[in-house]
Amino acid sequence: MGIGDIWNLIAMQPVMNTLIVLTSYLFNNFGVAIIVLTLAVNGIIFPLTMKQVRASKAMQDLQPKIAELQKKYAKEKDKLAKEQMRLFKESGVSPAGCLLPMLVQMPIWIALFQSIMRVLAVIPENLVGLSGFLYSWPIVYTTLPLENHFLWLNLATGDVFLALLVGGTMWVQQKMVMAPATDPSKQSQSTMMLWMMPIMFAWLTMTFPSGLAIFWVTSNIFRIGLQYFIGGWGGLVKSETKKPVGRDRKYKERIAQVEELPSGGADIVVPSSTQEEGSSDEESGDKRPDSGGGYTKSLRATRRQPRKGRSHRRKRG
Amino acid sequence: MRIRKNTVVIGKVSLLVVLLLVGLTVLGCYGTKTSPEGGSGGVVADGTLFLAPSVKQAGGGFGCTPAAVDSKLVALSAADGTRFWEIPLEGSSSGGGFGCAPAATPAAIYGSPAVAGELVYVGGYNGKIYAINASSGVLRWVYPREGSLEPIIGGVIVALDRVYFGCSDGKVYALDAATGDIQQGFPFTTGGKIWATPAVSGDTLYIGCFDKKLYAFNAVNGTKQWEYLAEGAIVSTPLVYNDTVYIGSFDRNFYALDAASGRLKWQFPAEKWFWTKAVVYNGTIYAGCFDGKVYALGAENGQELAAVDLGSAIYSWPVLVDGRVIVATEKGEIYAIDAASNQETLLADIEEAIYAPLSAEGGVIYIYSQEQNLYALNADSGANLWNLTIK
């Protein structure tokens with residue numbers, strides 16, 4: 001049994017047959033089945049997604065400090081790596097926290113993506129090929145071939161409106177998580193990504209079957225909702241008008257804590273409980289010993305510059 | 001300096017985006033065919049073999065986009081494969097699209113051509129029916145004259161001086177065989193796509209549909225006589241024999257229905273889909289199935305006389321040659337099943353996928369593979385008489 005066979009057995013077949021059964025129960029509507037399955041898969045991997053989004057958000061909050069370290073240790077690579085690791089450790093942020101959940105989710109998305117392509121089976125060759133993936137359940141055999149019309153869409157062909165929707169939702173999602181870059185080259189890189197990805201995906205959507213576009217739009221909307229739940233509108237709203245949301249306190253408190261680290265050998269304040277953003281932290285305050293010194297004066301100076309719209313900064317008591 | 005830095009940033013981002021899109025496209029399209037390639041079989045008349053092969057254009061589009069597919073009708077000597085004439089069938093433009101999109105509507109042909117009198121008829125995925133002079137290869141008429149229909153997957157049949165075919169738009173059309181004019185009472189509208197080739201017996205036309213129904217209607221005026229609702233879609237072609245219609249379905253059942261009333265006489269359950277047309281010999285029905293078996297069933301009562309396991313799915317129509325059923329499997333093996341003993345013999349293994357209906361004439365079997373090779377095999381020994389690559 002090759003890798004392809006194993007992949008088909010554990011990923012493709014379950015997803016394809018589930019899609020077909022869902023279509024049967026949802027009034028033979030393949031479009032609704034795609035939406036329901038996409039939401040269901042999002043629901044199942046919700047904890048992973050949540051972890052990833054939180055970690056990304058925390059990384060985003062750490063960016064000014066990382067930039068400062070990079071500037072300071074530009075010529076000392078080893079020292080830079082060491083300091084960055086220390087920053088991550090002390091702020092409780094793991095770089096793997098962003099990547100690992102994403103790597104786990106990737107096979108699920110690829111299986112869903114490929115399944116939609118195969119189950120549509122609008123030409124005889126694909127329908128013949130599909131027969132090799134079917135479970136022997138009667139409902140699967142009697143549901144095929146699937147009806148490929150949903151609302152105004154032919155799910156087998158591209159659609160301009162859906163392409164715009166894919167591009168639009170992707171832009172919103174990216175804008176929400178985009179970190180404000182201090183470095184001009186990074187700023188232009190972020191801006192390019194913000195526009196290029198949605199435009200390219202919109203273009204791609206016009207040539208892919210609309211069934212896939214429904215999958216992308218549903219996923220994007222789900223993620224926008226999740227992003228809002230965790231960090232509010234993020235980069236969508238100008239800093240001055242941002243409202244404090246305080247939904248993701250864990251990392252923020254730790255990061256704020258790092259911002260307030262004293263120099264060489266001072267104790268670090270660790271919050272005893274989570275608090276609403278903007279509330280005073282004066283009553284939180286058991287202490288733990290320093291693990292080896294705080295940040296340098298220059299870094300502290302940078303960190304202590306007031307940040308507009310951030311009501312989460314902690315004050316020293 | 002700043003300009004150079006910006007250029008580097010633009011380059012990096014572009015590369016990242018392109019890599020991501022390429023990856024996405026390849027992963028998404030992997031294992032799926034996005035452009036119809038066709039799978040037409042040949043038909044022999046007066047020593048001439050008519051075949052509608054697919055012509056893959058050079059070069060494809062981006063990622064997994066296949067090359068565009070055109071088709072043509074070719075007339076060959078059935079004896080040695082000498083080419084008499086060929087005519088291109090319009091329908092596509094060169095080059096492919098981006099992603100999984102095919103270039104334009106391809107003219108891939110799935111159904112075998114039909115010959116009647118001096119004309120040969122063929123219908124294509126591009127939604128057009130062509131009538132071509134069998135001797136000269138000159139186009140006589142095309143339907144519709146302007147524009148096109150939805151894709152035509154099934155083949156055409158000629159009966160009662162008319163050309164009948166079903167279309168993906170869910171309609172059954174009847175055209176005047178000489179002029180290509182649509183006949184009164186047609187098109188007949190069903191409830192789903194039609195990929196099946198119709199069958200005519202007497203003045204009744206039978207055709208299966210994606211809406212799980214087998215329709216019987218008057219072939220002259222298009223009025224419906226009856227319909228039978230199966231549990232799965234029907235893409236196979238009905239076999240009419242002794243006042244009974246035999247048809248297989250995607251619900252994995254093979255049905256025998258009274259030809260006059262549509263009443264169910266018997267049904268036989270198999271393990272997978274029925275796609276191909278059945279053949280009958282001496283009161284025994286031979287039905288090939290996607291489960292890799294050819295079922296020999298009593299025509300009267302559906303009793304299973306034998307289940308010949310050929311090892312891979314049967315998609316191609318079988319043919320009868322001298323009391324033997326010649327069957328091709330999807331993997332490219334050609335078997336002869338002796339109708340007296342129901343024992344199979346491997347005639348040949350061409351090791352190429354076979355979807356096209358088989359045809360036979362004068363003790364020779366003609367097979368057109370998905371690799372675009374045409375084989376002429378001796379029906380007794382399986383010896384390769386000649387073969388050609390037709391692109």
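Among contacts in chain A with a separation of 6 or more, 75% are between residues 24 or more positions apart; a contact here takes two C-beta atoms, placed from the backbone, that lie within 7 Å. Before going on, note that this is a predicted model, where local features need pLDDT of at least 70, side-chain atom pairs count only at pLDDT 80 or more, and totals for chains, interfaces and linings use all residues. Residues are numbered from 1 along each chain as its sequence is written, while chains are lettered from A and ligands numbered from 1 in the order in which they are written.

Chain A has 12 helices and four strands, taken as DSSP runs numbered from the N terminus (helices are H or I, at least four residues; strands are E, at least two). Of its 317 residues, 36% are buried, meaning 20 or more other C-beta atoms within 10 Å of the residue's own.

The axes of H3(A) (residues 46-72) and H4(A) (residues 77-91) come within 10 Å and cross at roughly 160°; axes are lines fitted to C-alpha atoms over the stretch in contact, with angles from 0 to 180 degrees between N-to-C directions. That makes the two helices, H3(A) and H4(A), roughly antiparallel (the label applies over 145 degrees). Residues meeting across the pair include A:Leu62 and A:Ile66 from H3(A), with A:Leu80 and A:Leu87 among those from H4(A).

Over in chain B, four strands make an open antiparallel sheet in the order E18-E19-E20-E21, where pairing takes at least two DSSP bridges. E18 (239-241) and E21 (264-269) of chain B are the edge strands, each pairing on one side only. Three bridges join E18(B) to E19(B) (residues 244-248), and B:Tyr241 has B:Thr244 in E19(B) as its bridge partner.

Now for confidence: pLDDT is the predictor's confidence in each residue, from 0 to 100.

| Chain | Mean pLDDT | Residues at pLDDT 70 or more |
|---|---|---|
| Chain A | 73 | 71% |
| Chain B | 88 | 84% |

In chain A, pLDDT is below 50 over residues 263-317. Within chain B, helix H1 (residues 2-29) has the lowest confidence, at a mean of 60, and strand E20 (residues 253-258) the highest, at 98. Residues 59-66 of chain B also stay under 50. Where pLDDT is low, the predicted coordinates should not be read in detail. For the complex, the predictor gives an ipTM of 0.83 and a pTM of 0.77.

Note on methods. A residue is buried if 20 or more other C-beta atoms lie within 10 Å of its own, exposed if 12 or fewer, and partly exposed in between; C-beta atoms are placed from the backbone. Angles under 35 degrees count as roughly parallel, over 145 as roughly antiparallel, 65 to 115 as roughly perpendicular and the rest as oblique.
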